Protein chains: 2
Amino acid sequence: MNQKKITTREEDFSQWYLDVIEAADLAEHAPVRGCMIIKPYGYAIWENIQKILDLEFKKLGIENAYFPLLIPEVFMTKEAEHIEGFAPELATVTHVGTEKLPENYVIRPTSETIIYDAFSRWVKSYRDLPVLANQWCNVMRWELRPRLFLRTSEFLWQEGHTVHRTEQEAEEFSRKMLEVYKTFQEEIMATPVIAGEKTASERFAGAKRTYTVEAMMQDGKAVQNGTSHFFGTTFASHFGVEFLDSDNKLKNPSTTSWGVSTRMIGSLIMVHSDDKGLVLPPKIAPIQVVIIPVLLGKNDEQILKKAKEVQANLIAQSLSVKLDTSDRRPGEKIFSWEKKGVPVRIEIGPKDLENNMAVVTRRDTSEKITISLNELNSKTIDLLDDIQVNLFQRASNYRDEKIVEVNNWDEFKKEISAGKFVIAAYDGTVETEKAIKDELKVTTRCIPFNLDQSNLPEKCIYSGKKAVVKVIFGKSY
Amino acid sequence: MNQKKITTREEDFSQWYLDVIEAADLAEHAPVRGCMIIKPYGYAIWENIQKILDLEFKKLGIENAYFPLLIPEVFMTKEAEHIEGFAPELATVTHVGTEKLPENYVIRPTSETIIYDAFSRWVKSYRDLPVLANQWCNVMRWELRPRLFLRTSEFLWQEGHTVHRTEQEAEEFSRKMLEVYKTFQEEIMATPVIAGEKTASERFAGAKRTYTVEAMMQDGKAVQNGTSHFFGTTFASHFGVEFLDSDNKLKNPSTTSWGVSTRMIGSLIMVHSDDKGLVLPPKIAPIQVVIIPVLLGKNDEQILKKAKEVQANLIAQSLSVKLDTSDRRPGEKIFSWEKKGVPVRIEIGPKDLENNMAVVTRRDTSEKITISLNELNSKTIDLLDDIQVNLFQRASNYRDEKIVEVNNWDEFKKEISAGKFVIAAYDGTVETEKAIKDELKVTTRCIPFNLDQSNLPEKCIYSGKKAVVKVIFGKSY
């Protein structure tokens, strides 16, 4: 077991992040450039994410399918912006065994091209629409500055791809999926997110519109936790997807794609965790409650029996409960489960047994309470609910304090260097975005849906040219 | 919708197989050499397989994780037999974008090498054992003669990898996992399988023992539906996996691996389906019951209302039920769901409504029965149970009739050409297996666990040398 001290957030936020991952045993670097191994405890978080989101997808009539890992290189070049966006990151298969292949294949960085090729066979008539498909899979975008979960050459994700009869229906669907992601972040991950539209230079390669949900980490930086793209008829026409409409005319349908990835786990860590290690919201935690029998050689058997009873009762309430019967010392156990972010810890020792009580500690606040064993079931459920709410509230308060609207460039620079999200008016040009990025390493996060644009200043914060919209700027992962 | 006639099994079994896949809309060839696209209805079968097996794994304490898609080429060469077995099938990544990589990577054909490298970091002490890990993922073995589901360059599978303190524990675990596969095949897939050990030349590259479950298709050929390998300490020592035992000595642990893949769907099709299309056992069917409202312009609304009520009642019994409200004619609907192998079809028309009845058809026998709407819930459940049992029985009878024990080479040839599994005595040499394979395209399927070896003939059926064991021979996919 790793007993290394966790660097504090204050000391070095980047190192703290890596220390938390190691201490909680979530993932490690693989002996393959930029790739990671997701260890069982980290993967269990991903399984919970999959289970919950997949159910939401299925409620909307979305069906899972599986498309090939490899994409003929020539497919990638059919949409000019698309290939330009991905070319430098494409891992390319040129050989099988010692034989050179007749054509090169790239490992999918995303699957629009190979899926649209299939859609061109599947879609013939308006009766075939909409097509609502999704796949859970691995993708690869070669990464020179890897960071566990946040940026890895290979990552796991889901990518949804839909085909619609009209532009309006497609656009509405892409917004609906963003709403699914927002609700998931807020209700399950306890992470407040800002939903909005990306500016032109932050759009997905080839998209007409990209919608995003952006979260703030505890260092004030942003993580993009999910995106949903509206393509209009662009991709459909490049890949020859056509349908005969009820008016007997051949038309290109409109399409969308949307995805979330293992990167969300990186955000989850950086939003909630503390200097003691991982902190997990109860609704996503692989283990919601850990029971530690404090065995000191006195009434050990009775304590163990009671602990098993408590576990069985909590499991019967559909909770995920671990009873730690390992031969480690109680202090070691406490320390280890704390680092793993288990929301509620229940300790039962000889004295507790005598008094028919247990000592219950919540991970979010470290508060200890004594609860009668008779009330443990209902109080644990209340506590978990309370932790879920508290984590969301805490993250919301933190974030809200760190968003500020500014009206001049000096203020902008000052607030950015203080680690804040900054709202400012902007001239809508790619040049201005690029200049700000070059100067401050700051990018536009999005044009928030719920931001009041009626009081738009006259001039762009940077260029002084006519402003067209207020956007949120921030540093990002 | 595809209205193409399905080739009969008698006419051309291979074409029948492809026609059934197309008619049921399960999968299609991808524009990538040897790869397939698994369409939503086919993928839904895979999702059911995953759900059921994953639960069994978790009951045994097996945890899921995720290891990289790419493996450094040099890793593959660490175990001589292993690389020899896989070298010609390895898709190799040499470039990213236009840049040549400093080292080549292969796309995993299986993950022993990269996982054992991780195990060498994870395992230090006997307290870390056993490690019971599994991953659900894609793998690639380049395929020159692809066949949907059965042999594709990329396929989906699970691969379990375990590390144990002793050889005996590892060996027992590999047998236990084979038992999980056997039970799954027989109870869920309604497919009788022969469990046994592979002969030396059919072993997994690098394994000490390979166990297998073999099923017979309706053309008398075999499909290997799952394998479990015992490695002893071989792989552990090649990859430097060592642990400090309680006696303070450094030892190599013993390991196992075991897997099943999308190939099982190919077997499922060829075991149960008929000339009308796909036939699915209820326990694996994505849709267990389809309800077809026969709308002829008379009492349509009442019929639809009743059909919805029937659907809701059956769903409340945890059944997966589709109500077909599309605007196709009733005959078209019946034909289409028959091809998709839905176990039970319920039709409700104007006359049925008057009589408070429904016409219920079982897919396995095409038998039609009339059931009172009041009894529909319980009778449908009984019917599904009965179909599950009947499919297993039918497949068992078919297979049992086609296994024969022979005592001389002429009989052997005759029975093999009649499409049977043949039990015969064999001298245990790789040369004899190769000679038989070259002459008749027949391989050893396994040494069945439950085969009486006490009456072993003196001589090998082929070489005439001293026989060492009786094995099952057969043609295979």
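Which residue is the bridge partner of A:His95 in strand 5 of chain B? I looked this up and found B:Thr92.

**Entry 1: basis of the model**

I note that this is a predicted model, in which local features need pLDDT of at least 70, side-chain atom pairs count only at pLDDT 80 or more, and totals for chains, interfaces and linings use all residues. Residues are numbered from 1 along each chain as its sequence is written, while chains are lettered from A and ligands numbered from 1 in the order in which they are written. I checked the confidence of chain A: its mean pLDDT (the predictor's confidence in each residue, from 0 to 100) is 96, and 99% of its residues reach 70 or more. For the model I recorded ipTM 0.96 and pTM 0.97.

**Entry 2: the two copies**

**Entry 3: where the chains meet**

I counted contacts (C-beta atoms, placed from the backbone, within 7 Å) and found 39 residues of chain A touching 39 residues of chain B. Strand 5 of chain A gives the most to its side, with six residues. Helices (H or I, at least four residues) and strands (E, at least two) are DSSP runs, numbered from the N terminus. By class, the side of chain A has 27 nonpolar, six polar and six charged residues; Ala, Val, Leu, Ile, Met, Phe, Trp, Tyr, Cys and Pro count as nonpolar, Asp, Glu, Lys and Arg as charged, and the others, Gly among them, as polar. I also see that 100% of the interface residues of chain A are interface residues in chain B, so the copies meet through the same surface. Strand 5 of chain A and strand 5 (residues 91-96) of chain B run antiparallel and are joined by five bridges; two strands pair if DSSP finds at least two bridges between them.

**Entry 4: a sheet in chain B**

I traced an open sheet of five strands in chain B, with the order 16-15-17-18-19 and mixed pairing. Strand 16 (321-323) and strand 19 (368-372) of chain B stand at the edges, each with a single partner strand, so one side of each is left without a neighbour in the sheet. Within this sheet, strand 15 (residues 289-293) and strand 17 (residues 344-348) of chain B run parallel and share five bridges. There, B:Val290 stands opposite B:Arg345.

I then looked at the helices lying across these strands. Helix 12 (residues 376-401) of chain B lies across strand 15, strand 17, strand 18 (357-362) and strand 19 of chain B, at about 10° to strand 18. Such axes are lines fitted to C-alpha atoms, for helices over the stretch in contact, and angles run from 0 to 180 degrees between N-to-C directions.

**Entry 5: a residue of chain A**

I located A:Trp409 in helix 13 (residues 409-417) of chain A. A:Trp409 is partly exposed, with 16 other C-beta atoms within 10 Å; a residue is buried at 20 or more, exposed at 12 or fewer, and partly exposed in between, with C-beta atoms placed from the backbone. Leaving aside neighbours within four places in sequence, A:Trp409 is in contact with A:Ile461 and A:Tyr462.

Conventions:
Contact = placed C-beta atoms within 7 Å.
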